[in-house]
Amino acid sequence: MKLYESAVKKPVTTALIFIAIVVLGLFSYTKLSVDLYPEIELNMATVMTTYSGASAADIELNLTKRLETSLSTVSDLKKISSNSKDNVSIITIEFEYGTNMDEAVNDIRSVLDFQKNYLPDGAESPVVFKYSTEMMPIMFISARTSQNAQGLYKILEEKVANPLNRIDGVASTSISGAPQREIQILTDPQKMQAYNMADEQIASLVAAGNSNIPAGSIDVGSDTYSVRVNGELKESDQINDIILGSYQGRNIFIKDVAVVKDTLKERATQVVTNGVTGAMIVVQKQSGANVVDIADKINKALPDIKASLPPDVKLEVILDSSEFIKDSISSLTETVVLAGILVMLVVLLFLGRWRATFIIILTIPVSLIAAFIYLMVTGNTLNIISLSSLSIAIGMVVDDAIVVLENITTHIERGSKPKDAAIYATNEVAVAIIASTLTIIAVFFPLTMVTGLAGIMFKQLGWIVTIVISVSAIVALSLTPMLASKLLTKDPKRSKLFNLLYGPIERTLDSLDRGYAYLLTWALRNRALVIISAAMLFIGSLFLLARVGTDFFPASDNAQIGLTIELPVGTRVEHTRKLNTYLYNLWKDKYPEIEIYQSSLGQSDGSNIFMAMRSSGTYLITYTARLTKASKRERDIFEISDEMRKDLAAIPEIYRFEVTPGGSNMGFGSGGTSLEMDVLGYNMKDADTVANQVANIMRKTEGLRDIKLSRENYTPQLQIEFDREKLAMNGLTMTGAATVVRNRINGLITSRFREDGEEYDIVVKNELKYRTEIEDIKNIVIYNSRGKGVRLSEVGDVIEGFAPPSIDHQDRERVIKVTGFVYKRALGDIAADVQKEVDKLSLPPLMDVEVSGSVQEQQESFSDMLTLLLLVVMLVYIVMAAQFESFRDPFIIMFSLPFAFTGVFLALWLTGTSLSLIALIGAVMLVGIVVKNGIVLIDYINLNKERGATVRKSVIKGGKSRLRPVLMTTLTTILGMIPMAMGIGEGSEIWQPMGISIIGGLSISTILTLIVIPTIYTSFHVGDIKRKRRAHAKKHA
Amino acid sequence: MKAIMIIYNQAHSSNVLDALDKCSIRGFTKWEDVQGRGSSKGEPHYSSHAWPSKNMVTMAVVEPEVLPALLAELRKHNEEAEKQGLRAFVWEADSVI
């Protein structure tokens, strides 16, 4: 018994099976967690090796080069780049997308283990980090206080950071901008020298005077007591009274030579939020944990935490990355619902019957809900990709049900009983339905096999559409006939009101049928004219392609702007602070769209990796600006960013700046794209020259902003050069002398002061006023083992110099990266312009300039898409050829494809959208969608012909009778895409080009398919009868 | 005894069975999946792409008295949906085992 027959004969089973699917789907839905994108394992690993004291060039030669050479043997490697700077070598290894990173990191480790023995002695063992989006912080909370500045760190740590850390899924919370308590022993070098003492002595005495010592145990009677000397400092003041030694019979205390301060650390990141200085708490999630879940838990815990704080400490969530996710998902859900309503209206309009509309619409929830089961089983999340896939599928799932229902209705009208009609009518169209479902699957299934970045995005799309469409075909072959057999009646009664409302629509549809028949008759008479003008139209549209720019990913507005401002290196922090205040006051009034300004400046105290990886210094200000929701403002982040660039350019003291719309958030299309040009070559001087030439070209190119070179400027530095002979004469070693210098300037941590279970560093160093000038360094006294003091100036010299820049490598070659942000122009066009100018440069020997970054990825994925397109066209042809059992008819149907592309180009050009990866994928989908119309049309024309009609008559009759189904399925697909094409809601903008290209391609191709395909068909088949006659005559001759 | 052969579009399947029941005819033989086309204007029933409909045949050997009632019943169904197609032929059944 066939599927539809059993379904009709066993309505209870059928109904219950589908109810079970729906219940299971809804259950899965409640279990699904929400995220922005499918889980992406970033394809990068970093190897960091420190080699203290080595310069950038040394590091490059001894560490980076050696490691790079051996690391490049790791399998699946895509790109290897490195940065060698003073003391440290950072190698970044990029793998092909989809590589198992655990295996890759293991491979890296084994290579490093092997190389360890060949590294210089002073170098530390290389450390491997795995990069992934997981490491990105999910929430920033700012804390401000007016009274408790001193104790802020402690308050935050105890009352905020610790409770947050206990929340499931939170990996770490770190506090920055709140300086930590520190006990400083600030020595006066002159007094120290007078007593012939060194800081190191103080350090060891403090350490010795601040410890608990177990003294064994004694037996008293039958009990044993342990003895313990409690030598720990109870208060920081006690340090003052530690005896250093005696001088001329008098005791010398620490207070005689130094000032003891119980204070805050000197250099720390300063965080300013909306003009108020405070602290920032950064929350990072555990890998694999769900952002939205954690953020919800944190938000739930925050009111309690806030209540426990002193009244003047104010907490404010600056960035909650779950908000953007939630907004995007809810706006996409609206899109899906809206698409569903539009589809329903179209069905009602064409059928004019409630019951039939109900049966068809029921396919939508059933097949969409089945997708949730898939998502749960595979452990996926409800994200932008999965929801957009539903939105893409929604217009297509009703198609099969429409075809089935239409045929059942015809049978009932001809007199069958609904039950018989349901079985036999479904039987008639079953093959056609399976074939058209297969064409859609032929398009979407290959998407699951795409590799690279596009693969991550489209894998889920491919699976979901394939599953949803397959389920919809099953529904159309079982649930639809079952419901039709129960609900449809032979002669549905129409109320007067209904006739009044629906009458005009019906008359319009009827006249549309007639009009189309006339048009088709005319076209068949003027076949050459129709075909030639259609061909001209297609060729003409190819010229449009040149006018449509190309992009990698469309940019989207995520309401964030990131800024980095660099003052000249060495600028004092006070000065930087002043500029920061100035900028805040300027922008506060100028951009009311910005809700929260947060800036951090000064040295990083790097307690977490995220903070440590950002460069920091007294001359740097980093900004994060949070704007109001995209829908609530007129200017988008790109416009505001551009205005900000103008403001910054007007301030002469800024050395350079970078404005990043979208901030540092990872994700496709959030924020802007950038163009990267790589200048490759070993000679540093030549490379600098070429890089500057390229930078100049880029500055002149329209649509590029913030041109930046990756090789940093030479930084000023005070270098101390010891004379080895003099050192030896004085009985000093190089290391010993160097350590002394470090201890005087940077300080020396002796031991820790314990209070209430917390530990605070005790630091010994020279008082600030004795370490502000070069002379102070020269005056540092170094004691040798005989206790004789030698001034630094006697054994060495302090030279002002410039440190060599850092050295970058790209695939083991020296490189300078010149980057620029793209503003309001297609990336492809800019790249072409820059490339043209760069080609004109006469490069020094062994120098090369290459396009890299997004442009390269764009080219790669575009060529992937073209391969995919060819594959899809072939698969679709195979499916059609199998259905028609002919090579010729599928070929005729394929003629609707060029016009689909005409429509895509036209729509992109009209809306000023550039051809991005997303638009291209839309074009690939069109292959499956547009041939469906052709299949429906040609199938019926063939049927008429087989029934003995002439070619011309078959074409006209077939066309007329298939006009409504074609228009109906096309309209449902188009209307399903409209909410997407309009880009309603946050985060869904990146799908806009797909919506636009599908709507454009499908409408143009449908209109032309209805005219051109029958015309071409006639031209191909007109000789059929003559041929048959000739063959017949030959046989009988 | 008379033999009656009813050839009809499969959509009439339940109608024919109803008619036999109504006239209290117990015995019959039924063939599913048969092909054919009408002599004058009837559409072909080939279960092919062009002519997807199928025919069925029911044959019964009945007492002559019930024949008129059965034929009337069948005619009624045929007239309700003429396009579907239903024909009945009657002949003498000479010897019955």
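## Terms and values

Author: Begin with one pair of residues: A:Ser81 stands opposite A:Thr92 in β3(A). The model is predicted, so local features need pLDDT of at least 70 and side-chain atom pairs pLDDT 80 or more, while totals for chains, interfaces and linings use all residues. Residues are numbered from 1 along each chain as its sequence is written, and chains are lettered from A and ligands numbered from 1 in the order in which they are written.

Reader: What makes β2 and β3 of chain A a pair of strands?

Author: Two strands pair if DSSP finds at least two bridges between them. Eight bridges join β2(A), residues 77-85, to β3(A), residues 88-95. The two strands run antiparallel. Strands here are DSSP runs of E with at least two residues, helices are runs of H or I with at least four, and both are numbered from the N terminus.

Reader: What lies between β2(A) and β3(A)?

Author: Two residues, and the strands form a hairpin. A:Asn87 in the turn has a positive phi of about 75°.

Reader: Which other strand is joined to β2(A), and by how many bridges?

Author: Strand β28(A), residues 807-810, is joined to β2(A) by four bridges. These two strands also run antiparallel. In β28(A), A:Asp808 is the bridge partner of A:Asn83.

Reader: Why are α16(A) and α32(A) called oblique?

Author: Take the values. The axes of α16(A), residues 496-525, and α32(A), residues 992-1021, come within 9 Å and cross at roughly 45°. Axes are lines fitted to C-alpha atoms, for helices over the stretch in contact, and angles run from 0 to 180 degrees between N-to-C directions. Under 35 degrees counts as roughly parallel, over 145 as roughly antiparallel, 65 to 115 as roughly perpendicular, and the rest as oblique. The crossing of roughly 45° therefore makes α16(A) oblique to α32(A).

Reader: What is the hand of the crossing of α16(A) and α32(A)?

Author: Right-handed. A crossing is right-handed if the near helix is turned clockwise from the far one by less than a right angle, and left-handed if anticlockwise.

Reader: Which residues make the contact?

Author: From α16(A) come A:Tyr516, A:Leu519, A:Leu520, A:Ala523 and A:Leu524. From α32(A) come A:Leu1010, A:Ile1011, A:Pro1014, A:Thr1015 and A:Thr1018. Two residues are in contact if their C-beta atoms, placed from the backbone, lie within 7 Å. By class, the contact of α16(A) with α32(A) has eight nonpolar, two polar and no charged residues. Ala, Val, Leu, Ile, Met, Phe, Trp, Tyr, Cys and Pro count as nonpolar, Asp, Glu, Lys and Arg as charged, and the others, Gly among them, as polar.

Reader: Why are α2(A) and α15(A) oblique to each other?

Author: Helix α2(A), residues 11-31, and helix α15(A), residues 479-487, pack at about 130°, with their axes 10 Å apart. They are therefore oblique to each other. Their crossing is left-handed. The contact joins A:Pro11, A:Thr14 and A:Phe18 of α2(A) to A:Leu479, A:Met482 and A:Lys486 of α15(A). Its residues are four nonpolar, one polar and one charged.

Reader: How do you know that chain B is as compact as a globular protein of its length?

Author: Start with its parts: chain B has two helices and four strands, in the pattern β-α-β-β-α-β along the sequence. Its radius of gyration is 13 Å, close to the 13 Å that the globule rule gives for 97 residues, so chain B is as compact as a globular protein of that length. The radius is taken over C-alpha atoms, and the rule is 2.2 Å times the number of residues to the power 0.38.
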